[in-house]
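Subject: Structure handover and notes

Dear colleague,

I am passing on a structure that may be new to you, and I would be glad if you could look through it alongside my notes.

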Amino acid sequence: MKKLSRLTPLLGAVLLSSVAAFAHAADKPKELSVGISTYLSGSASVFGIPARDAAEILIQDINANGGIDGVKIVPSYIDEGGGGEKLLTEYRRLAEGGTRVMLSAISSGHCNIVAPVAEDLKVLNVLWDCGTEKALEGKKYKYVVRTQANATTEMVAQVLYLMKVKPDFKTLAIVNQDYAWGRDSRDIFMAALKKFKPDVKVVAEMFPKFGAADFSTEISRLQALRPDVILSTSWGGDLDNFVRQASQRNLFKNSTFVLSLAESSLERLGNALPEGVYIGARGDHYFLHPETKDDPAHQAFIKKFHDKTGAYPIYSVYHMVQALNGLKAGYEKAIKDNGGAWPTPEQVAAAMHDIKFKGFGRELTLNRVDGQSLEAQLFGVTKKSDKYPFKVLSDITIVPADLVTPGVEETSMGWIEKSLNADVLKSDQIKVYKD
């Protein structure tokens, strides 16, 4: 009898533990609802629709391989083409309907308004494409992370690349979209450039309206000024229209173009884009990436994407891959940390602040309290191809993130002013793949 009495507390503890484990396991959903915002209409849809297509391919693959711990992902798409107010309305509707995971957004302006809302709603939000550093800099969000680099990493790396390939230019003109990304990227680029070329003369700064179709005024002015370098960090349909019109008026003959986001436009522009243009990829990804172009998984993805869309992957596609792979890595880590039980959004968000994951480039690291990933940057110069009916990138350069990313407690401008110097150009970490 005494033995039984001594065992009773132990049996009770075991039973309670089993009940608790069963109750926790019962919380595991049949499916994981994920909201994804992207441009499905307007000039930016040339960038947003391929990203949605990539999400469909990757989610289908993930689900076919058992989902996340047996739970299938079910996406719902929000069109960013309707503007910020409509985006927030749809965002809140999904959240109130039970969607606790979001991949949002493309637009830097949208990310700046989505991030604090996600925090208020306690929704895990992956900033999957927007570049503005302001979305996370100086903040320590619990529910918001970014699975690619930000504008500081991208623009400082662009300056390093430009200083390596064309260090002797004296005059510069800028043509950027007039919204958060266009303004922020200009400020960072110029702050970094001044550290290397304090005497550079900026002969023009033009900020056409986001979604503009006619660039005749800007092109006429550039023809008259004839700057050594013309920088544009524009993207999507805006960039395509600017390049086509500049090509028609022979502007490329007068100046060297630096197009920081034009990897996404190479195929669409075809012969409108000449050789000798310096191009950025907004990260460490490209369908002819020198380090992963022969990787079987990368090749299989390229084929699936081309079969589905008739086109090759662009950087918005790769950013979507990184976001979904990062989300999956976050869930898997949270499940492991949770003893194999299905995690809460809070547990996943915490796990996503300490993960490593891959897209189809180098491994990315996300281990900062500000939720910012570290991603290398790829650049190249356009050349003709015997294999493709559009220009491809040659002499590819990859700049590692550690060289061009401020620390968590530093502001972008403060870090550029105090820490960035010409010695970084001598780093043997900058890898060049000569054709």
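The notes below begin with the whole protein and then turn to single residues.

This is a predicted model, in which local features need pLDDT of at least 70 and side-chain atom pairs count only at pLDDT 80 or more, while totals for chains, interfaces and linings use all residues. Residues are numbered from 1 along each chain as its sequence is written, and side-chain values use heavy atoms, with hydrogens and water left out.

The protein has 13 helices and 15 strands, which are DSSP runs numbered from the N terminus (helices: H or I, at least four residues; strands: E, at least two). Its radius of gyration of 24 Å agrees with the value near 22 Å that a compact globule of 435 residues would have, where the radius is taken over C-alpha atoms and the globule rule is 2.2 Å times the number of residues to the power 0.38. Along the principal axes, the C-alpha atoms fill a box of roughly 100 × 45 × 45 Å. Of the 435 residues, 55% are buried (under 20% relative accessible area, with exposed over 50% and partly exposed in between, for a 1.4 Å probe and protein chains only).

Serine 37 belongs to strand 1 (residues 31–38) and, at 1% relative accessibility, counts as buried. Its side chain makes a polar contact with the side chain of glutamate 80 at 3.0 Å (a pair of N or O atoms within 3.5 Å; within protein, one must be able to donate a hydrogen and the other to accept it, and residues adjacent in sequence count only if both atoms are side-chain atoms). Beyond its neighbours within four places in sequence, the contacts of serine 37 (heavy atoms within 4.5 Å) include Ser104 and Ala105, and serine 104 and alanine 105 are themselves joined by a cis peptide bond with omega of about 20°.

Most residues other than glycine have a negative phi, and most peptide bonds are trans.

Finally, leucine 259 sits in strand 9 (residues 256–259) and counts as buried at 0% relative accessibility. Its C-alpha atom is separated by 8.8 Å from that of tryptophan 235, 24 residues apart along the chain.
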